Amino acid sequence: MTKIIGLTGGIGSGKTMVAEYIKSLKIPVYIADDEARKLMNTSRIIKAVTDAFGKEVVIKGILNRETLAQIVFNNPEKLQKLNSIVHPEVKKHFDNWVQKHKNSPLLFKEASILFESGSYKYCDVIVTVTAPVETRLQRVINRDKTDRESVLKRMENQWTDEQRIAKSDYVIHNLSFDDTKKQVNEILKLLKN
């Protein structure tokens, strides 16, 4: 029986680093944000997004992610509308991916908005990756070459660590890579039993 493990955490928590480490152990990991990005350039989603947000969100047949982000990230209703277009497609894609990997005892789904999207309901176990807010802020500022205020706005659209932890089976405190790997290995050992 395959166990589906949801892997989540706020922006800058290090969940993608954890996902990459898990992948290096030959355990399949579905990176929801990457797959959503790819799916957003399919004609069906481009049409639905254009119908919902106007032609200015498309340049040369491809979604202009910056324009779309400016529209939705300061407007919860519009963000909800975008999510209602994209999330069902990601769910379908994930279900197909699970079928392809059904012989694996563990499958991970890494998603920054696992709870917000409701996709946690399809997971057997939830693992949350945390880090102090200042650490997360600095990581994202350095990674995205952005400013503190932009990162804080993105954080406001996500659940807090406290909210995630309350609904999680395991928590990884990501402060140093070596310590994080040890925590992941311990959790994997428990999940395999």
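I took buried to mean under 20% relative accessible area, exposed to mean over 50%, and partly exposed to mean in between, with a 1.4 Å probe and protein chains only. By that scale lysine 26 is exposed, with a relative accessible area of 75%.

**Entry 1. Basis**

I worked from a predicted model, in which local features need pLDDT of at least 70, side-chain atom pairs count only at pLDDT 80 or more, and totals for chains, interfaces and linings use all residues. Residues are numbered from 1 along each chain as its sequence is written, and side-chain values use heavy atoms, with hydrogens and water left out. I took helices (H or I, at least four residues) and strands (E, at least two) as DSSP runs, numbered from the N terminus.

The model has an open sheet of five strands in the order 2-5-1-6-7, with parallel pairing; two strands pair if DSSP finds at least two bridges between them. Strand 2 (29-31) and strand 7 (170-173) stand at the edges with a single partner strand each, so one side of each has no neighbour in the sheet. I noted an average twist of 20 degrees from one strand to the next; axes are lines fitted to C-alpha atoms, for helices over the stretch in contact, and angles run from 0 to 180 degrees between N-to-C directions.

I then went through the pairings. Strand 1 (residues 3-9) is largely enclosed by the rest of the structure, because six of its seven residues are buried. Five bridges join strand 1 to strand 5 (residues 106-110) in parallel, and glycine 6 has lysine 109 as its bridge partner in strand 5. Strand 1 also pairs in the parallel sense with strand 6 (residues 125-130), over five bridges; there isoleucine 5 is partnered by valine 125. Strand 2 runs parallel to strand 5, joined by three bridges, and isoleucine 31 stands opposite glutamate 110 in strand 5.

Helix 1 packs on this sheet, touching strand 1, strand 2, strand 5, strand 6 and strand 7, and its direction makes about 145 degrees with that of strand 1. Contact here means heavy atoms within 4.5 Å. Helix 5 lies across strand 1, strand 2 and strand 5, running at about 165 degrees to strand 2.

**Entry 2. Helix pairs**

I looked up helix 1 (residues 15-24) against helix 9 (residues 177-192): their axes come within 11 Å and cross at roughly 60 degrees. The two helices are therefore oblique to each other; under 35 degrees counts as roughly parallel, over 145 as roughly antiparallel, 65 to 115 as roughly perpendicular, and the rest as oblique. Met17, Val18, Tyr21 and Ile22 of helix 1 make the contact with Phe177, Thr180, Lys181, Val184 and Asn185 of helix 9. I recorded six nonpolar, two polar and one charged residue in this contact. Ala, Val, Leu, Ile, Met, Phe, Trp, Tyr, Cys and Pro count as nonpolar, Asp, Glu, Lys and Arg as charged, and the others, Gly among them, as polar.

For helix 3 (residues 43-53) and helix 5 (residues 76-100), I noted axes that come within 10 Å and cross at roughly 165 degrees. That makes helix 3 roughly antiparallel to helix 5. Their crossing is right-handed. Arg44, Ile45, Ala48, Val49, Ala52 and Phe53 in helix 3 meet Lys78, Lys81, Leu82, Ile85, Glu89 and Lys92 in helix 5. By class, this contact holds seven nonpolar, no polar and five charged residues.

**Entry 3. Single residues**

I checked two lysines for backbone angles. Lysine 26 lies in the loop between helix 1 and strand 2; its phi is near 70 degrees, a positive value in a residue other than glycine. Lysine 60 lies in the loop between strand 3 (58-59) and strand 4 (62-63), with a positive phi near 50 degrees. Lysine 60 is exposed at a relative accessible area of 83%.

Glutamine 158 sits in the loop between helix 7 (148-156) and helix 8 (161-166). At 16% relative accessibility, glutamine 158 counts as buried. Leaving aside residues up to four places away in sequence, glutamine 158 touches Gly10, Ile11, Ser112, Ile113, Glu116, Arg136 and Arg164.

Histidine 173 is in strand 7 and is partly exposed, with a relative accessible area of 44%. The C-alpha atoms of histidine 173 and alanine 131 are separated by 5.9 Å, although the two residues are 42 residues apart along the chain. With residues up to four places away in sequence not counted, histidine 173 touches Thr130, Asp179, Thr180 and Gln183.

Key: A crossing is left-handed if the near helix is turned anticlockwise from the far one by less than a right angle, and right-handed if clockwise.
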